[in-house]
Amino acid sequence: MNIKQAKEIPVEKVLERMGYLPQKISGFDLWFISPFRLLEKTPSFKINTKINKWFDHGEGFGGNTLDFVIKKSGCTVSDALVFLKDFSVFFSFHQQENCLDIPE
C-alpha cells in the first residue's frame with residue numbers, strides 16, 4: 001500500500017469500518033455525526049464521494065482518506081498505510097489490532 005493507493009480508498013468505507021453510518025445523503029454528499037466530537041446531534045462531517053474528500057464543519061478541517069486515518073487515530077503515515085492495506089481492490093476488509101482499534 002502506498003500513499004496514492006491509500007488516498008483512493010473511499011473515506012466512507014473507513015468510517016463504516018469504524019462503525020459510523022451516514023445520517024443524511026444528498027447527491028454525492030454523505031453527512032455523518034462527527035467522529036471527532038462526542039455528543040454531536042446535528043451531522044457536521046461531510047464526505048463528497050465524487051472527489052473522495054471529507055470536511056468537518058465543526059472543526060474546520062478536512063482532507064483525504066489518509067488524512068482522516070492519521071487525524072482520527074494519531075498514527076504515523078506508516079501506521080496508517082498498514083491499517084489501510086486491509087482494504088482490498090473490492091474494499092473488503094477484516095478486523096485486526098492496530099492503531100485504529102481505539103475506544104470511541
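In the predicted model, Asn48 stands opposite Lys53 in strand 4, where strands are DSSP runs of E of at least two residues and helices are runs of H or I of at least four, both numbered from the N terminus. Residues are numbered from 1 along each chain as its sequence is written, local features need pLDDT of at least 70, side-chain atom pairs count only at pLDDT 80 or more, and totals for chains, interfaces and linings use all residues. Side-chain values use heavy atoms, with hydrogens and water left out.

Strand 3 (residues 45-48) runs antiparallel to strand 4 and is joined to it by 4 bridges, pairing being assigned if DSSP finds at least two bridges between two strands. Their hairpin has 4 residues between the strands, and Asn52 takes a positive phi near 55 degrees. Strand 4 also pairs with strand 5 (residues 61-63) in the antiparallel sense, over 3 bridges, and Phe55 stands opposite Gly62 in strand 5. The hairpin of strand 4 and strand 5 likewise has 4 residues between them, with Gly60 in the turn at a positive phi of about 80 degrees.

Thr65, Leu66, Val69 and Ile70 in helix 3 meet Val77, Ala80, Leu81, Phe83 and Leu84 in helix 4, contact meaning heavy atoms within 4.5 Å.
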